[in-house]
Amino acid sequence: RHEQVPKLNFSEFTACSMEDLFIQMDDKVIAEQLTLIDFEIFQKIRVTELLGQAWSKKKNNFFTAQNVLDHISRLNHVSYWVPSLILLNEKLKERTKVMGKFINIGQELLKLNNYNTLMGTIAGLNMACISRLKYTLSLLSDNQLDTFESTNNLMSPTKSYSLYRTKIKSCTPPCIPYLGVFVTDLTFIDEGNKEDSKGYINFGKRQLIAKILQSVIQYQDIPYEIKPLEPLYTFLKELPALDSDALYKLSLIREPRKAEITSII
């Protein structure tokens, strides 16, 4: 009995045409268009949206920090889009080809200082539906595996993202930071420090918050000199993807448990 393969919903495109476009397009161009889209969202974030954990609060049934949530949502969409494009390919070598392409795109994102989309790409490549594909992974070159491991280490949360923090300190804008670190730091500062003590305003807390907000403003002020390239721009803005259940189901179809490599080539 053949399992039914879940379908992606491409509003204006066919899966085939977009898959071909992705494979044929230069890695640098794809990274640039992803960066342009991500920066357009990042630049809309207002400083007030980063105060008082506004991203977790609603007013009149609307979130008060919608732009922050949109930026976080963009990263999540990327993380589901990556495994979706990999698993769309029925053939083993084609899956490896797409996986290797995403590793290369990650390097181009790194050159562009786009750490937000880079984190989404890394998260997608580390999903269980991808990490279990032992035969697909086995066809990656040693250089690709080393590059993937290096990027994984850079964006690792180990020691409060110490490697990422060191890296971004030395980068020259334009830059899109991984917003998750700022959100975590602001939450820690907000919850770990009182607003005032014995009637005195806690200026130390305000200075810590102001330092983070200044970093965000600094990165927002210098845009990328990248122009939209159609139809790639629209496709990458839409990011059609499968949900986690569909992805794992498709992963099991592509490489069934205990399957021999000869049965899935």
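Leaving aside its neighbours within four places in sequence, which residues is F102 in contact with? They are F22, W81, V82, L85, I86, T121 and L125, where contact means heavy atoms within 4.5 Å.

This is a predicted model, in which local features need pLDDT of at least 70 and side-chain atom pairs count only at pLDDT 80 or more, while totals for chains, interfaces and linings use all residues. Residues are numbered from 1 along each chain as its sequence is written, and side-chain values use heavy atoms, with hydrogens and water left out.

The chain has 13 helices and 4 strands; these are DSSP runs numbered from the N terminus, helices being H or I with at least four residues and strands E with at least two. Of its 265 residues, 48% are buried, that is, under 20% relative accessible area with a 1.4 Å probe, protein chains only.

F102 also belongs to the largest nonpolar core, which has 74 residues. Such a core is a set of buried Ala, Val, Leu, Ile, Met, Phe, Trp, Tyr and Cys residues joined through side-chain atoms within 4.5 Å. W81, F102, Y115, Y178 and L236 touch the most other members. Helix α3 (residues 66-87) gives the most to this core, with 8 residues.

Helices α2 and α4 pack at an angle of about 60°, with axes 8 Å apart. Axes are lines fitted to C-alpha atoms over the stretch in contact, and angles run from 0 to 180 degrees between N-to-C directions. The residues that make the contact are listed below.

| Helix | Range | Contact residues |
|---|---|---|
| α2 | residues 27-42 | D27, K28, I30, A31, L34 and T35 |
| α4 | residues 92-111 | K101, N104, I105, E108 and L109 |

How values were computed: Buried means under 20% relative accessible area, exposed over 50%, partly exposed in between (1.4 Å probe, protein chains only).
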